[in-house]
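Here are my notes on the model you sent over.

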Amino acid sequence: MAQLPLGENITLRQLRYFIAVVDARSISRAARSLFVSQPTLTVAMKKLSHDLGTRLLTATDQGYELTQTGRILYDEGVRILDAVAELEETIAARSREENKTLKVGLTHLFTMQFMPQILEFINTHPHTEVTFVQGGSRYLQARVENGELDFALVSFPQFYPSLAMEELRTTVRSYEVCAVMRTDHPLSRQKHITWADLNGHKISSLGEDYVLYHVLQNECKREGFTPEIVFTNDSETVLQTSVKEMNSVTLLPRAFGLSAGQEGLEWVPMRGRHTSFPIAVATRRGEDLTPDMADFISCIQQN
C-alpha cells in the first residue's frame with residue numbers, strides 16, 4: 001500500500017478534522033459535530049492537502065468523496081487515532097493504579113491504639129494516598145453512610161441501618177468506660193460507678209458526634225433522670241481540665257487514663273449496661289472491599 005508522508009506538520013487535530021469530514025461527507029455537518037466554525041474547518045482541510053502535496057477530497061453532488069490518497073490517509077488516520085485513544089486509556093489506568101486514594105475514619109482513641117499498624121500500611125502501600133478523618137463514632141458512621149469515607153474504625157452501637165459493621169478480631173476488641181473526677185469528689189471513693197450514681201452530679205461530656213454522649217442520655221433517662229451536663233467538648237484533655245476546674249464528672253475510655261491521664265484525677269470503672277463498647281469496621285452495606293481497604297483492615301488485625 002502506498003504511504004503518505006505523515007511528517008511533523010500533520011497533527012492529531014487535523015486527522016480528527018479530516019476523518020469527521022469524510023464520515024459526515026460535508027464540511028458544514030462535520031463542523032457542527034466538532035463544535036468549530038465552518039471556515040476554520042475549510043482552512044484546516046486546505047492546509048492538510050497543501051502539507052501533504054496531494055488532493056484528498058473530491059466534491060460531488062452527494063458530498064465529499066475520497067481520492068485514492070485520501071483513502072490511504074483516512075484508513076491510516078483511523079488506525080492512528082484508535083492507537084492514541086488506547087494509549088491514553090492505558091496511561092490513565094496506570095495513573096489510577098499508581099495514585100490510589102483511601103479515606104479512613106478513626107477516633108482519637110483508635111488512632112492511638114493502632115498507630116503501629118497504620119504506619120505499617122502506609123509504609124507498604126507507597127502509591128496509596130491515605131486521608132485520615134478523626135471524630136466520634138457517630139460522626140464517622142455518618143461520613144461512611146453518605147460516601148465521604150471509604151470505611152471507618154468505630155465503636156458500637158450502630159446508628160445507620162445502611163452500614164455493615166463487623167467487629168474487629170484483634171487483641172484490642174473493645175474499650176471500657178471510666179468516670180473521671182477529682183480525687184476529692186464524692187464518687188471518687190467508690191470502686192465502680194453505675195449510671196444511677198451520676199444523678200445529682202455535674203457532668204462534662206463529649207459532644208453529640210460521640211457514642212458516649214448518646215449512651216449517657218439514654219441510660220440516665222432509663223434510670224429516671226436527666227443528666228446535668230454543664231460542659232461539652234470533643235477533646236479528652238479539655239474535658240479532664242474541665243473536671244478539675246468545675247468539680248464535675250466526665251466519661252472517657254479507660255485507655256486515655258492509662259496513657260495520658262492528668263494528675264489529681266480518679267478513673268473509676270463504670271459498671272452496668274453499655275459501659276463496654278466493641279470496636280468495628282464500618283462500611284456501606286452491599287459494597288465490596290477494595291484491595292487497599294482489605295489490606296488496611298488486615299494490618300489493623302495484626303494488633
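1. A cut-off first: a residue is called buried under 20% relative accessible area, exposed over 50%, and partly exposed in between. R25, at 33% relative accessibility, therefore counts as partly exposed. Bear in mind throughout that this is a predicted model.

2. Staying with R25: the residue lies in the loop between α1 (12-24) and α2. Its phi is positive, about 60°, even though R25 is not a glycine. That's worth a glance in your viewer, since most residues other than glycine have a negative phi. R25 is also what follows α1 in the chain.

3. What about α1 itself? Its end C-alpha atoms are 18 Å apart, and the 13 residues should span 18 Å at 1.5 Å a residue, so the two values agree. The buried residues in α1 are Q14, L15, Y17, F18, I19, A20, V21, V22 and A24.

4. Which residues of α1 meet α3? On the α1 side they are Q14, Y17, F18 and V21, and their partners in α3 are L41, A44, M45, K47, L48 and D51. By class, this contact has seven nonpolar residues, one polar and two charged. The spacing on both sides makes sense for helices: with 3.6 residues a turn, residues three or four places apart point the same way.

5. How do the axes of α1 and α3 cross? They come within 10 Å, at roughly 110°. Angles of 65 to 115 degrees count as roughly perpendicular, and α1 and α3 therefore fall in that class.

6. Helix α3 (residues 38-52) also packs against helix α2 (residues 27-34), with an angle of about 110° and the axes 9 Å apart. So α2 and α3 are roughly perpendicular as well. The hand of the α2 and α3 crossing is right-handed. From α2 the contact uses I27, S28, A30, A31 and L34, and from α3 it uses Q38, L41 and T42. Five of the contact residues are nonpolar and three are polar, with no charged ones. L41 is one to click on, as it is part of this contact and also of the one between α1 and α3.

7. Further along, helix α6 (residues 115-124) and helix α11 (residues 291-300) have axes that come within 8 Å and cross at roughly 145°. This crossing is right-handed. Here Q117, I118, E120 and F121 of α6 touch D292, D295, F296, C299 and I300 of α11. The class count is five nonpolar, one polar and three charged.

8. Buried in α8 are V211, L212, Y213, H214, V215, L216, E219 and C220. E219 would be my pick to inspect, being a glutamate on that buried list. After α8 comes G224, with a positive phi near 95°.

9. N247 is another non-glycine residue with a positive phi, near 55°. You'll find N247 in the loop between α9 (236-246) and β10 (249-253). At a relative accessible area of 26%, N247 counts as partly exposed.

10. Where is the cis peptide bond that involves P157? It joins F156 and P157, with omega about 10°. P157 sits in the loop between β5 (151-155) and β6 (163-167). For context, most peptide bonds are trans.

11. Last, T171: is this residue buried or exposed? T171 is exposed, with a relative accessible area of 64%. The residue belongs to the loop between β6 and β7 (174-182). Its C-alpha atom is separated by 8.2 Å from that of Q301, although the two residues are 130 apart along the chain.

Technical notes
Residues numbered from 1 in each chain as written. Predicted model: local features only at pLDDT ≥ 70, side-chain atom pairs only at ≥ 80, totals over all residues. Heavy atoms only, no water. Axes fitted to C-alpha atoms, helices over the stretch in contact; angles between N-to-C directions. Helix = DSSP H or I, 4+ residues; strand = E, 2+ residues; numbered from the N terminus. Parallel < 35°, antiparallel > 145°, perpendicular 65-115°, else oblique. Left-handed = near helix turned anticlockwise from the far one by under 90°. Contact = heavy atoms within 4.5 Å. Nonpolar A, V, L, I, M, F, W, Y, C, P; charged D, E, K, R; others polar. Buried < 20%, exposed > 50% of the residue type's maximum accessible area, 1.4 Å probe, protein only. Expected span 1.5 Å × (residues − 1).
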